[in-house]
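Q: Before going through the questions, please put the model on view. The answers below refer to what is shown there.

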Amino acid sequence: MSDTEAGKGPGRTDAGARRRRRRDPEWTYAALLDALLGLISESGREPTRKAIAERAGVSERTVFVHFADREALYVAAARRQAERWRAHAEPVPTAWETARKAGALVAQRGRMYEVMTPIRRIGLGLEADSPGLRGVMAEGDAWFRADLAAVFAPELGRGPDAEEPGGLLDALEAASSWAAWDHLRSRRGLDEATARAAIERTLRALLEVVPHTS
């Protein structure tokens with residue numbers, strides 16, 4: 001009898017491994033989140049529970065075995081998505097000259113925003129009815145603002161009232177936000193390089209008026 005006939009061949013082993021993975025709650029949980037995020041990235045639309053289950057390779061009932069309701073599913077997916085875009089984060093040394101920091105920061109934001117965009121659009125449509133999702137998105141916004149404040153700490157320290165409402169930090173945040181990126185990419189139809197150049201130009205213009213130390 002051959003190994004395959006005895007149930008020991010590669011085909012049987014692979015099938016058995018898949019079955020074991022599906023019985024692993026952690027694997028199934030992650031597979032459902034990856035399925036949801038993948039479907040949204042591909043279509044730009046909110047998928048059905050059936051489509052999510054089919055992509056994950058599990059039964060439709062399994063979706064809400066792991067997630068109490070739709071909000072719980074989307075909140076968990078938003079947190080997983082945040083891990084993905086934050087993986088592109090690299091420290092930008094505050095000691096660099098201002099123009100160099102602006103270029104590095106915008107290049108990094110562009111990579112993050114391209115990962116975020118399909119999921120962010122869905123999230124904006126759902127957050128009004130989802131306190132949990134709104135909270136995750138607010139955490140992301142706070143991260144981007146804190147990152148800006150850290151990168152441009154020397155420049156902000158020299159500007160009067162730079163971190164007050166309507167000050168330089170607010171201007172930098174607006175200019176480098178996902179909303180600005182999405183407007184340039186989706187509404188204006190710019191490619192990534194041109195969108196980066198436009199945002200970098202805006203940041204540099206805002207920062208050029210900051211007084212220089214002698």
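A: The lining of the largest pocket draws at least two residues from each of α2 (25-43), α5 (70-86), α6 (98-126) and α7. This is a predicted model.

Q: Which helix gives the most to the lining of the largest pocket?
A: Helix α5 does, with nine residues.

Q: What volume does the largest pocket have, and which residues are closest to its centre?
A: Its volume is about 320 Å³. The lining has 24 residues, and those closest to the centre are A78, Q81, W85, V136 and M137.

Q: How does the lining of the largest pocket divide by class?
A: There are 15 nonpolar, three polar and six charged residues in the lining of the largest pocket.

Q: How much space lies in the second largest pocket, and which residues line it?
A: The second largest pocket holds about 160 Å³. Among the residues of its lining are R109, Y113, R120, D141, F144, E173 and W178.

Q: Which elements give two or more residues to the lining of the second largest pocket?
A: They are α6, α7 and α10. The largest share comes from α6, with four residues.

Q: How do the residues lining the second largest pocket divide by class?
A: Six are nonpolar, two are polar and four are charged.

Q: Why is R120 called buried?
A: Buried means under 20% relative accessible area. R120 has 15% relative accessibility, so R120 counts as buried.

Q: Where is R120 placed, and which residues does R120 touch?
A: R120 is in helix α6. Not counting residues up to four places away in sequence, R120 touches M137, D141 and W178. R120 and two of these residues, D141 and W178, are in the lining of the second largest pocket, while M137 is among the residues closest to the centre of the largest pocket.

Q: What makes R134 partly exposed?
A: A residue is buried under 20% relative accessible area, exposed over 50%, and partly exposed in between. R134 has a relative accessible area of 36%, so R134 is partly exposed.

Q: Where does R134 lie, and what does R134 touch?
A: R134 lies in helix α7. Leaving out residues up to four places away in sequence, R134 touches E127 and A128. The C-alpha atoms of R134 and L124 are separated by 8.4 Å, and these two residues are 10 residues apart along the chain.

Q: Why is D161 called exposed?
A: Exposed means over 50% relative accessible area. D161 has 57% relative accessibility, so D161 counts as exposed.

Q: What phi does D161 have, and where is D161 found?
A: D161 is found in the loop between α8 and α9. Its phi is positive, about 55°, although D161 is not a glycine. Most residues other than glycine have a negative phi.

Q: Which residues of helix α9 are buried?
A: In α9 (residues 168-175), the buried residues are L168, L169, L172 and A175.

Q: How do you know that the buried residues of α9 line one face of the helix?
A: Seen down the axis of α9, the buried residues fall within an arc of 130°, so they line one face of the helix.

Q: What covers the buried residues of α9?
A: The cover includes α7 (131-151), α8 (153-158), α10 (178-187) and α11 (192-208).

Q: Which residues is L206 in contact with?
A: L206, placed in helix α11, is in contact with L168, A171, L172 and A175, leaving aside neighbours within four places in sequence. L206 and A175 are 31 residues apart in sequence and 9.2 Å apart in space, C-alpha to C-alpha.

Q: How many helices and strands does the protein chain have?
A: The protein chain has 11 helices and zero strands.

Q: What share of the contacts with a separation of 6 or more joins residues 24 or more positions apart?
A: Such residues account for 66% of those contacts in the protein chain.

Definitions and conventions:
Residues are numbered from 1 along each chain as its sequence is written. This is a predicted model: local features need pLDDT of at least 70, side-chain atom pairs count only at pLDDT 80 or more; totals for chains, interfaces and linings use all residues. Side-chain values use heavy atoms; hydrogens and water are left out. Buried means under 20% relative accessible area, exposed over 50%, partly exposed in between (1.4 Å probe, protein chains only). The arc is that of the directions from the helix axis to the C-beta atoms. Contact means heavy atoms within 4.5 Å. On a 1 Å grid over the protein atoms alone, a cavity is a set of points where a 1.4 Å probe fits but cannot get out, and a pocket is an open set with protein on both sides within 12 Å along at least five of seven lines; lining residues have an atom within 4 Å of a point. Grid points are joined across faces, edges and corners, and a volume is the space filled by probe spheres set on the points. Ala, Val, Leu, Ile, Met, Phe, Trp, Tyr, Cys and Pro count as nonpolar, Asp, Glu, Lys and Arg as charged, and the others, Gly among them, as polar.
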